[in-house]
Amino acid sequence: MAEVFEDTQVVPNPGPDPLEVWFEPWGMPHPLPPGEVFRVVGRSPQPGRIEVVASDGSVAVYGWPGSTLRVYNGEMLVDDFSIVLPELPPGMSTRGFVEFMFGGPGGPGRQPSQPVRPRPWWRFW
């Protein structure tokens with residue numbers, strides 16, 4: 001039987017407002033209510049660790065190559081990222097890959113907590 005590596009990280013929200021937590025590279029956000037905690041469990045046949053990065057009022061959680069993630073709030077399963085994270089270019093972390101390809105969590109140059117402002121069609125150029 002193949003060895004399975006597991007890593008667990010806790011993402012708390014000690015603030016008074018909901019916290020947007022992005023799970024990468026799956027590109028999925030989940031709001032974390034004030035005073036609550038996400039427990040993130042990663043599993044993979046390859047050794048690795050979950051990377052948690054707080055920035056600009058949101059948090060990004062990165063899996064590692066070969067991993068899947070499960071996100072819990074208490075005992076409740078919030079999400080199951082069961083699509084295996086593929087191999088990355090040599091020497092590149094998942095965070096580095098997401099930042100290189102998409103500009104960071106949530107897509108190119110977009111801050112997830114800021115609404116998208118509509119613009120008239122003539123201002124796109």
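This is a predicted model: local features need pLDDT of at least 70, side-chain atom pairs count only at pLDDT 80 or more; totals for chains, interfaces and linings use all residues.

User: Where is H30 placed, and what is it in contact with?

Analyst: H30 belongs to strand 3, residues 28-32. Leaving aside neighbours within four places in sequence, its contacts include L19, F23, F38 and D79.

User: What makes the link between the side chains of H30 and D79 a polar contact?

Analyst: The distance for this pair of side chains is 2.7 Å, and the cut-off for a polar contact is 3.5 Å between N or O atoms, one able to donate a hydrogen and the other to accept it. The value is within that limit, so the polar contact label applies to H30 and D79.

User: Why is the aromatic pair of F23 and F38 called tilted?

Analyst: Let's take it in two steps. The ring centres of F23 and F38 are 6.2 Å apart, and rings pair if their centres lie within 6.5 Å. The planes stand at 55 degrees; under 30 would be stacked and over 60 edge-to-face, so the value falls in the tilted range. It is one of three aromatic pairs in the structure.

User: How do you know that this pair links distant parts of the chain?

Analyst: F23 lies in strand 2 (residues 19-24) and F38 in strand 4, and they are 15 residues apart. Ring pairs also join F23 and F38 with W26 and F81 in a cluster.

User: Are F23 and F38 buried or exposed?

Analyst: F23 has 0% relative accessibility and F38 has 2%. With the cut-off at under 20%, both F23 and F38 count as buried.

User: What makes R39 sit over the ring of Y72?

Analyst: The charged end of R39 is 4.5 Å from the centre of that ring. The limits are 6 Å from the ring centre and 35 degrees from the ring normal, and R39 is listed as sitting over the ring of Y72.

User: Why are strand 1 and strand 8 said to stand at the edges of the sheet?

Analyst: The open sheet has four strands in the order 1-4-7-8, with antiparallel pairing. Strand 1 (5-12) and strand 8 (76-81) each have a single partner strand, so one side of each is left without a neighbour in the sheet.

User: How do you know that strand 1 and strand 4 pair?

Analyst: Two strands pair if there are at least two bridges between them. Strand 1 and strand 4 have eight, in the antiparallel sense, so they pass the test.

Terms used:
Residues are numbered from 1 along each chain as its sequence is written. Side-chain values use heavy atoms; hydrogens and water are left out. Helices (H or I, at least four residues) and strands (E, at least two) are DSSP runs, numbered from the N terminus. Contact means heavy atoms within 4.5 Å. Rings of Phe, Tyr and Trp (its six-membered ring) pair if their centres lie within 6.5 Å; planes under 30 degrees apart count as stacked, over 60 as edge-to-face and the rest as tilted. Buried means under 20% relative accessible area, exposed over 50%, partly exposed in between (1.4 Å probe, protein chains only).
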